[in-house]
Amino acid sequence: MLQILTPEGELVGDPPVDIPMTRRLYRAMVAARLYDRKATSIQKQGRLATYAPFEGQEAAQVGSAAVLSPDDWMVATYRDAAAMWMQGYPWELLLAGRTGHERGGSPPDHVNVLPPSITVGAHMLHAVGLAWAERMQGTDRIAITYFGDGATSEGDFHEAMNFAAVFRTGTVFLCQNNHYAISMGIEGQMATETIAQKAGAYGIPGVRVDGNDLFAIYRATSDAVERARRGNGPTLIEAVTYRLGPHTTSDDPTRYRLEEEVEQWRPRDPLERVRRYLETNQAWDEEWQKLIEGEEGAVVERAVQLAESLSAPDVDDLFDSMFAEPTSDLENQRRLLETEGG
Ligand SMILES: Cc1ncc(C[n+]2csc(CCOP(=O)(O)OP(=O)(O)O)c2C)c(N)n1
(Lines give C-alpha, C1' and ligand atoms only; values in the text may rest on other atoms or scores of the structure.)
Protein backbone atom coordinates (compact mmCIF):
# COMPACT_ATOMS: atom_id res chain seq x y z
CA MET A 1 0.00 0.00 0.00
CA LEU A 2 1.42 3.34 -1.05
CA GLN A 3 2.16 5.66 1.86
CA ILE A 4 4.27 8.83 1.82
CA LEU A 5 3.21 10.53 5.05
CA THR A 6 2.77 8.43 8.19
CA PRO A 7 0.02 9.13 10.75
CA GLU A 8 2.78 10.73 12.88
CA GLY A 9 3.39 13.24 10.08
CA GLU A 10 6.74 11.76 9.03
CA LEU A 11 7.81 11.38 5.43
CA VAL A 12 8.56 7.88 4.17
CA GLY A 13 8.74 8.93 0.50
CA ASP A 14 9.06 12.01 -1.69
CA PRO A 15 6.27 14.54 -1.14
CA PRO A 16 4.49 15.26 -4.44
CA VAL A 17 3.87 18.93 -3.57
CA ASP A 18 5.85 21.74 -1.93
CA ILE A 19 5.07 23.38 1.40
CA PRO A 20 2.94 26.28 0.04
CA MET A 21 0.79 23.79 -1.90
CA THR A 22 0.56 21.52 1.15
CA ARG A 23 -0.74 24.50 3.12
CA ARG A 24 -3.38 25.16 0.45
CA LEU A 25 -4.51 21.53 0.50
CA TYR A 26 -4.53 21.44 4.30
CA ARG A 27 -6.70 24.54 4.28
CA ALA A 28 -9.07 22.84 1.80
CA MET A 29 -9.34 19.83 4.13
CA VAL A 30 -10.12 22.15 7.04
CA ALA A 31 -12.82 23.84 4.92
CA ALA A 32 -14.25 20.45 3.97
CA ARG A 33 -14.44 19.34 7.60
CA LEU A 34 -16.17 22.57 8.61
CA TYR A 35 -18.70 22.14 5.82
CA ASP A 36 -19.31 18.51 6.75
CA ARG A 37 -19.90 19.31 10.42
CA LYS A 38 -22.12 22.27 9.59
CA ALA A 39 -24.22 20.22 7.19
CA THR A 40 -24.56 17.45 9.79
CA SER A 41 -25.64 19.96 12.42
CA ILE A 42 -28.24 21.77 10.29
CA GLN A 43 -29.64 18.42 9.18
CA LYS A 44 -30.30 17.66 12.85
CA GLN A 45 -32.22 20.95 13.04
CA GLY A 46 -34.44 19.76 10.21
CA ARG A 47 -32.96 22.19 7.68
CA LEU A 48 -31.56 19.52 5.33
CA ALA A 49 -32.85 16.16 4.22
CA THR A 50 -30.68 13.15 5.09
CA TYR A 51 -26.99 13.98 4.92
CA ALA A 52 -24.07 11.59 4.31
CA PRO A 53 -21.01 12.77 6.27
CA PHE A 54 -17.48 12.16 5.00
CA GLU A 55 -15.41 12.95 8.12
CA GLY A 56 -12.18 10.92 7.88
CA GLN A 57 -12.24 10.84 4.07
CA GLU A 58 -11.04 14.43 3.43
CA ALA A 59 -7.56 13.51 2.18
CA ALA A 60 -8.93 10.96 -0.29
CA GLN A 61 -11.21 13.59 -1.81
CA VAL A 62 -9.11 16.75 -1.59
CA GLY A 63 -5.82 15.07 -2.55
CA SER A 64 -7.29 13.43 -5.65
CA ALA A 65 -9.38 16.36 -6.89
CA ALA A 66 -6.37 18.67 -6.49
CA VAL A 67 -4.55 17.13 -9.45
CA LEU A 68 -7.34 17.71 -11.97
CA SER A 69 -7.44 20.42 -14.61
CA PRO A 70 -10.37 22.80 -14.21
CA ASP A 71 -12.23 21.35 -17.21
CA ASP A 72 -11.76 17.65 -16.39
CA TRP A 73 -14.99 15.78 -15.62
CA MET A 74 -16.02 14.55 -12.21
CA VAL A 75 -18.82 12.10 -11.50
CA ALA A 76 -19.25 11.41 -7.81
CA THR A 77 -21.69 10.38 -5.07
CA TYR A 78 -23.70 11.75 -2.16
CA ARG A 79 -20.59 11.40 0.08
CA ASP A 80 -18.14 13.32 -2.12
CA ALA A 81 -18.97 16.97 -1.44
CA ALA A 82 -15.33 17.85 -0.76
CA ALA A 83 -14.11 16.48 -4.10
CA MET A 84 -16.97 18.17 -5.96
CA TRP A 85 -16.31 21.49 -4.24
CA MET A 86 -12.62 21.26 -5.16
CA GLN A 87 -13.65 20.95 -8.82
CA GLY A 88 -15.94 24.00 -8.62
CA TYR A 89 -19.34 22.81 -7.37
CA PRO A 90 -20.23 25.53 -4.84
CA TRP A 91 -21.06 24.62 -1.23
CA GLU A 92 -24.44 26.39 -1.53
CA LEU A 93 -25.55 24.20 -4.43
CA LEU A 94 -24.41 21.06 -2.64
CA LEU A 95 -26.53 22.17 0.31
CA ALA A 96 -29.45 23.13 -1.93
CA GLY A 97 -29.42 19.60 -3.30
CA ARG A 98 -29.86 18.30 0.23
CA THR A 99 -32.91 20.54 0.72
CA GLY A 100 -34.44 18.98 -2.39
CA HIS A 101 -34.17 22.22 -4.38
CA GLU A 102 -33.75 21.70 -8.15
CA ARG A 103 -30.97 24.27 -8.29
CA GLY A 104 -28.81 21.89 -6.29
CA GLY A 105 -28.64 19.55 -9.25
CA SER A 106 -27.52 22.24 -11.65
CA PRO A 107 -23.86 23.23 -11.36
CA PRO A 108 -22.60 26.50 -12.86
CA ASP A 109 -22.07 26.32 -16.65
CA HIS A 110 -18.28 26.16 -16.62
CA VAL A 111 -18.16 23.41 -13.98
CA ASN A 112 -17.74 19.91 -15.44
CA VAL A 113 -19.10 18.10 -12.42
CA LEU A 114 -22.26 16.03 -12.59
CA PRO A 115 -24.76 16.27 -9.72
CA PRO A 116 -24.11 13.67 -7.00
CA SER A 117 -25.33 10.16 -7.77
CA ILE A 118 -27.55 8.55 -5.15
CA THR A 119 -27.89 5.35 -7.16
CA VAL A 120 -24.95 3.25 -6.01
CA GLY A 121 -22.58 2.47 -8.87
CA ALA A 122 -24.63 3.67 -11.84
CA HIS A 123 -22.69 6.91 -12.27
CA MET A 124 -19.35 5.20 -13.04
CA LEU A 125 -20.69 4.45 -16.52
CA HIS A 126 -21.29 8.17 -17.07
CA ALA A 127 -17.64 8.85 -16.36
CA VAL A 128 -16.65 6.26 -18.94
CA GLY A 129 -18.98 7.80 -21.52
CA LEU A 130 -17.73 11.32 -20.84
CA ALA A 131 -14.09 10.30 -21.16
CA TRP A 132 -14.84 8.38 -24.33
CA ALA A 133 -16.70 11.35 -25.82
CA GLU A 134 -13.75 13.62 -25.03
CA ARG A 135 -11.38 11.18 -26.75
CA MET A 136 -13.60 11.09 -29.84
CA GLN A 137 -13.55 14.88 -29.91
CA GLY A 138 -9.78 14.87 -29.72
CA THR A 139 -9.39 16.65 -26.37
CA ASP A 140 -7.15 15.50 -23.53
CA ARG A 141 -9.84 15.97 -20.88
CA ILE A 142 -10.24 13.03 -18.56
CA ALA A 143 -13.06 11.92 -16.25
CA ILE A 144 -12.69 10.85 -12.65
CA THR A 145 -15.37 8.93 -10.82
CA TYR A 146 -15.69 8.44 -7.04
CA PHE A 147 -17.46 5.51 -5.45
CA GLY A 148 -17.39 3.36 -2.34
CA ASP A 149 -16.36 -0.22 -1.62
CA GLY A 150 -20.01 -1.31 -1.79
CA ALA A 151 -20.35 0.03 -5.32
CA THR A 152 -17.78 -2.48 -6.56
CA SER A 153 -20.34 -5.24 -5.88
CA GLU A 154 -22.73 -3.69 -8.41
CA GLY A 155 -22.95 -4.89 -12.01
CA ASP A 156 -22.42 -1.32 -13.17
CA PHE A 157 -18.90 -1.42 -11.79
CA HIS A 158 -18.06 -4.40 -13.99
CA GLU A 159 -19.60 -2.79 -17.08
CA ALA A 160 -17.84 0.51 -16.50
CA MET A 161 -14.44 -1.07 -15.85
CA ASN A 162 -14.69 -3.44 -18.80
CA PHE A 163 -15.84 -0.82 -21.27
CA ALA A 164 -13.23 1.67 -20.09
CA ALA A 165 -10.48 -0.95 -20.41
CA VAL A 166 -11.52 -2.17 -23.87
CA PHE A 167 -11.95 1.33 -25.30
CA ARG A 168 -9.02 2.72 -23.29
CA THR A 169 -11.07 5.66 -22.10
CA GLY A 170 -9.39 8.33 -20.00
CA THR A 171 -11.23 7.39 -16.82
CA VAL A 172 -9.85 7.36 -13.29
CA PHE A 173 -11.81 5.06 -10.97
CA LEU A 174 -11.34 6.36 -7.43
CA CYS A 175 -12.73 3.95 -4.87
CA GLN A 176 -12.85 5.19 -1.30
CA ASN A 177 -12.79 1.96 0.65
CA ASN A 178 -14.27 3.28 3.89
CA HIS A 179 -14.89 -0.32 5.04
CA TYR A 180 -18.69 -0.18 5.06
CA ALA A 181 -21.65 -0.15 2.71
CA ILE A 182 -24.14 1.15 5.27
CA SER A 183 -23.98 -1.71 7.84
CA MET A 184 -22.34 -4.26 5.54
CA GLY A 185 -18.65 -4.65 6.32
CA ILE A 186 -16.26 -5.27 3.47
CA GLU A 187 -15.68 -8.97 4.32
CA GLY A 188 -19.40 -9.60 4.00
CA GLN A 189 -19.61 -8.59 0.38
CA MET A 190 -16.40 -9.55 -1.41
CA ALA A 191 -14.05 -12.51 -1.36
CA THR A 192 -11.07 -10.64 -2.76
CA GLU A 193 -8.41 -9.43 -0.37
CA THR A 194 -8.30 -5.95 -1.90
CA ILE A 195 -10.38 -3.83 -4.22
CA ALA A 196 -7.34 -2.77 -6.26
CA GLN A 197 -6.76 -6.36 -7.38
CA LYS A 198 -10.12 -6.32 -9.18
CA ALA A 199 -8.42 -4.17 -11.85
CA GLY A 200 -6.50 -7.26 -12.96
CA ALA A 201 -9.72 -8.84 -14.22
CA TYR A 202 -10.05 -6.00 -16.72
CA GLY A 203 -6.41 -5.74 -17.71
CA ILE A 204 -5.84 -2.30 -16.23
CA PRO A 205 -3.58 -1.10 -13.40
CA GLY A 206 -4.92 -1.18 -9.85
CA VAL A 207 -3.20 0.75 -7.06
CA ARG A 208 -3.81 0.57 -3.33
CA VAL A 209 -2.99 3.65 -1.33
CA ASP A 210 -3.32 4.89 2.22
CA GLY A 211 -6.45 6.96 1.63
CA ASN A 212 -5.83 9.05 4.75
CA ASP A 213 -2.46 10.15 3.38
CA LEU A 214 -2.86 13.32 1.35
CA PHE A 215 0.50 12.83 -0.39
CA ALA A 216 -0.07 9.20 -1.35
CA ILE A 217 -3.46 9.90 -2.81
CA TYR A 218 -2.13 12.94 -4.67
CA ARG A 219 0.73 10.91 -6.17
CA ALA A 220 -1.45 7.94 -7.19
CA THR A 221 -4.10 10.17 -8.77
CA SER A 222 -1.48 12.25 -10.61
CA ASP A 223 -0.05 9.09 -12.17
CA ALA A 224 -3.51 7.83 -13.14
CA VAL A 225 -4.58 11.21 -14.58
CA GLU A 226 -1.34 11.49 -16.52
CA ARG A 227 -1.83 8.02 -17.96
CA ALA A 228 -5.44 8.79 -18.90
CA ARG A 229 -4.49 12.11 -20.50
CA ARG A 230 -1.81 10.46 -22.65
CA GLY A 231 -4.46 8.09 -24.03
CA ASN A 232 -3.17 5.04 -22.15
CA GLY A 233 -6.50 4.19 -20.58
CA PRO A 234 -8.08 3.83 -17.15
CA THR A 235 -6.71 3.08 -13.67
CA LEU A 236 -8.44 1.81 -10.55
CA ILE A 237 -7.29 3.44 -7.31
CA GLU A 238 -8.30 1.96 -3.97
CA ALA A 239 -7.97 4.60 -1.28
CA VAL A 240 -8.07 2.76 2.03
CA THR A 241 -9.85 5.04 4.48
CA TYR A 242 -12.53 4.96 7.16
CA ARG A 243 -15.88 6.63 7.65
CA LEU A 244 -15.65 8.02 11.19
CA GLY A 245 -19.30 9.05 11.33
CA PRO A 246 -22.56 7.30 10.48
CA HIS A 247 -23.52 6.23 6.94
CA THR A 248 -26.03 9.08 6.95
CA THR A 249 -27.72 11.18 9.58
CA SER A 250 -30.44 8.50 9.77
CA ASP A 251 -27.99 5.69 10.57
CA ASP A 252 -26.89 4.38 13.97
CA PRO A 253 -23.46 2.78 13.46
CA THR A 254 -23.30 1.44 17.04
CA ARG A 255 -25.66 -1.30 15.83
CA TYR A 256 -23.07 -2.83 13.52
CA ARG A 257 -19.56 -1.75 14.59
CA LEU A 258 -17.66 -1.44 17.83
CA GLU A 259 -16.57 1.91 19.22
CA GLU A 260 -13.06 0.43 19.69
CA GLU A 261 -12.78 0.04 15.93
CA VAL A 262 -13.61 3.71 15.40
CA GLU A 263 -11.10 4.67 18.09
CA GLN A 264 -8.39 2.74 16.25
CA TRP A 265 -8.91 4.94 13.22
CA ARG A 266 -9.02 8.30 14.98
CA PRO A 267 -5.20 8.60 15.31
CA ARG A 268 -5.01 8.10 11.54
CA ASP A 269 -6.94 11.34 10.98
CA PRO A 270 -6.01 12.73 7.55
CA LEU A 271 -5.87 16.36 8.72
CA GLU A 272 -3.78 15.75 11.81
CA ARG A 273 -0.86 14.10 9.99
CA VAL A 274 -0.57 17.00 7.52
CA ARG A 275 -0.82 19.48 10.38
CA ARG A 276 2.07 17.71 12.16
CA TYR A 277 4.14 17.68 8.98
CA LEU A 278 3.55 21.40 8.43
CA GLU A 279 4.38 22.17 12.04
CA THR A 280 7.67 20.29 11.75
CA ASN A 281 8.44 22.45 8.72
CA GLN A 282 7.58 25.69 10.56
CA ALA A 283 4.56 26.11 8.29
CA TRP A 284 1.77 25.76 10.86
CA ASP A 285 0.86 27.54 14.10
CA GLU A 286 -2.27 28.06 16.21
CA GLU A 287 -2.76 31.57 14.91
CA TRP A 288 -2.92 30.43 11.28
CA GLN A 289 -5.25 27.57 12.25
CA LYS A 290 -7.64 30.06 13.84
CA LEU A 291 -7.40 32.34 10.81
CA ILE A 292 -8.25 29.65 8.26
CA GLU A 293 -11.01 28.19 10.42
CA GLY A 294 -12.51 31.67 10.75
CA GLU A 295 -12.32 32.42 7.02
CA GLU A 296 -13.46 29.04 5.75
CA GLY A 297 -16.16 28.86 8.43
CA ALA A 298 -17.53 32.21 7.23
CA VAL A 299 -17.62 30.92 3.64
CA VAL A 300 -19.63 27.90 4.79
CA GLU A 301 -22.03 30.10 6.81
CA ARG A 302 -22.59 32.27 3.75
CA ALA A 303 -23.29 29.15 1.67
CA VAL A 304 -25.95 28.07 4.18
CA GLN A 305 -27.58 31.52 3.93
CA LEU A 306 -27.49 31.40 0.13
CA ALA A 307 -28.97 27.89 -0.01
CA GLU A 308 -31.73 28.84 2.41
CA SER A 309 -32.57 32.08 0.59
CA LEU A 310 -33.27 30.42 -2.78
CA SER A 311 -36.85 31.05 -3.77
CA ALA A 312 -39.13 28.03 -3.53
CA PRO A 313 -39.16 25.97 -6.73
CA ASP A 314 -42.01 26.52 -9.18
CA VAL A 315 -44.08 23.62 -10.50
CA ASP A 316 -42.78 24.46 -14.01
CA ASP A 317 -39.28 23.60 -12.78
CA LEU A 318 -40.34 19.96 -12.89
CA PHE A 319 -40.46 20.23 -16.66
CA ASP A 320 -37.80 22.88 -17.29
CA SER A 321 -35.08 21.23 -15.22
CA MET A 322 -35.17 17.91 -17.03
CA PHE A 323 -33.59 18.55 -20.46
CA ALA A 324 -32.09 21.56 -22.27
CA GLU A 325 -35.05 21.24 -24.67
CA PRO A 326 -38.18 19.60 -23.28
CA THR A 327 -39.34 16.42 -24.99
CA SER A 328 -42.86 16.12 -26.44
CA ASP A 329 -43.83 13.81 -23.56
CA LEU A 330 -42.84 16.46 -21.06
CA GLU A 331 -44.72 19.17 -22.99
CA ASN A 332 -47.81 16.94 -22.99
CA GLN A 333 -47.52 16.47 -19.26
CA ARG A 334 -47.15 20.20 -18.75
CA ARG A 335 -50.31 20.82 -20.80
CA LEU A 336 -52.14 18.13 -18.85
CA LEU A 337 -51.21 19.83 -15.61
CA GLU A 338 -52.36 23.21 -16.94
CA THR A 339 -55.71 21.93 -18.20
CA GLU A 340 -56.55 19.42 -15.52
CA GLY A 341 -54.75 20.99 -12.56
CA GLY A 342 -52.27 19.46 -10.16
C1 LIG B 1 -28.55 0.78 -6.68
C2 LIG B 1 -28.69 1.12 -5.22
N3 LIG B 1 -28.82 0.12 -4.33
C4 LIG B 1 -28.96 0.42 -3.00
C5 LIG B 1 -28.96 1.72 -2.57
C6 LIG B 1 -29.07 2.03 -1.08
N7 LIG B 1 -27.73 2.46 -0.61
C8 LIG B 1 -27.41 3.76 -0.47
S9 LIG B 1 -25.84 3.98 0.00
C10 LIG B 1 -25.55 2.33 0.06
C11 LIG B 1 -24.19 1.81 0.48
C12 LIG B 1 -23.12 2.20 -0.48
O13 LIG B 1 -21.88 1.84 0.06
P14 LIG B 1 -20.52 2.25 -0.62
O15 LIG B 1 -20.61 2.05 -2.09
O16 LIG B 1 -19.45 1.52 0.09
O17 LIG B 1 -20.39 3.81 -0.38
P18 LIG B 1 -20.41 4.66 0.97
O19 LIG B 1 -21.86 4.95 1.29
O20 LIG B 1 -19.73 3.86 2.03
O21 LIG B 1 -19.69 5.92 0.65
C22 LIG B 1 -26.69 1.61 -0.29
C23 LIG B 1 -26.77 0.13 -0.34
C24 LIG B 1 -28.83 2.74 -3.54
N25 LIG B 1 -28.81 4.02 -3.22
N26 LIG B 1 -28.67 2.41 -4.86
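These legends walk through several close-up views of one predicted model. Because the model is predicted, local features need pLDDT of at least 70 and side-chain atom pairs count only at pLDDT 80 or more, while totals for chains, interfaces and linings use all residues. Residue numbers start from 1 along each chain as its sequence is written.

View 1. Two strands pair if DSSP finds at least two bridges between them.

View 2. All 7 of the 7 residues of strand S3 (residues 171-177) are buried, so the strand is largely enclosed by the rest of the structure. (Buried takes 20 or more other C-beta atoms within 10 Å of a residue's own, exposed 12 or fewer, and partly exposed lies in between; C-beta atoms are placed from the backbone.) In a regular strand the side chains alternate between the two faces of the sheet. In S3, Thr-171, Phe-173, Cys-175 and Asn-177 are buried on one side, and Val-172, Leu-174 and Gln-176 on the other. Strand S2 (residues 143-148) pairs with S3 in the parallel sense over 6 bridges, and Val-172 is the bridge partner of Ile-144. Strand S7 (residues 235-240) also pairs with S3 in the parallel sense over 6 bridges, with Leu-236 as the bridge partner of Phe-173.

**View 3. From S1 through S2 to the crossover.** S1 and S2 pair in the parallel sense over 3 bridges, and Met-74 stands opposite Ile-144 in S2. S2, helix H6 (residues 155-166) and S3 make a right-handed β-α-β unit. Right-handed means that, with the strands pointing away from the viewer, the path from the first strand over the helix to the second runs clockwise.

View 4. Tyr-277 sits in helix H9 (residues 270-280) and is buried, with 23 other C-beta atoms within 10 Å. The C-alpha atoms of Tyr-277 and Glu-8 are separated by 8.1 Å, although these residues are 269 residues apart along the chain. Leaving aside residues up to four places away in sequence, Tyr-277 touches Leu-5 and Gly-9; contact means C-beta atoms, placed from the backbone, within 7 Å.

View 5. The end C-alpha atoms of helix H10 (residues 286-308) are 33 Å apart, in agreement with the span for its 23 residues at 1.5 Å a residue; the expected span is 1.5 Å times one less than the number of residues. Its buried residues are Glu-296, Ala-303 and Ala-307, and their cover includes helix H1 (19-44) and helix H4 (91-99). Helix H12 (residues 328-340) is hardly covered, with 0 buried residues among its 13 residues. Just after H12, Gly-341 takes a positive phi of about 80 degrees.

Methods:
Helix = DSSP H or I, 4+ residues; strand = E, 2+ residues; numbered from the N terminus. Contact = placed C-beta atoms within 7 Å.
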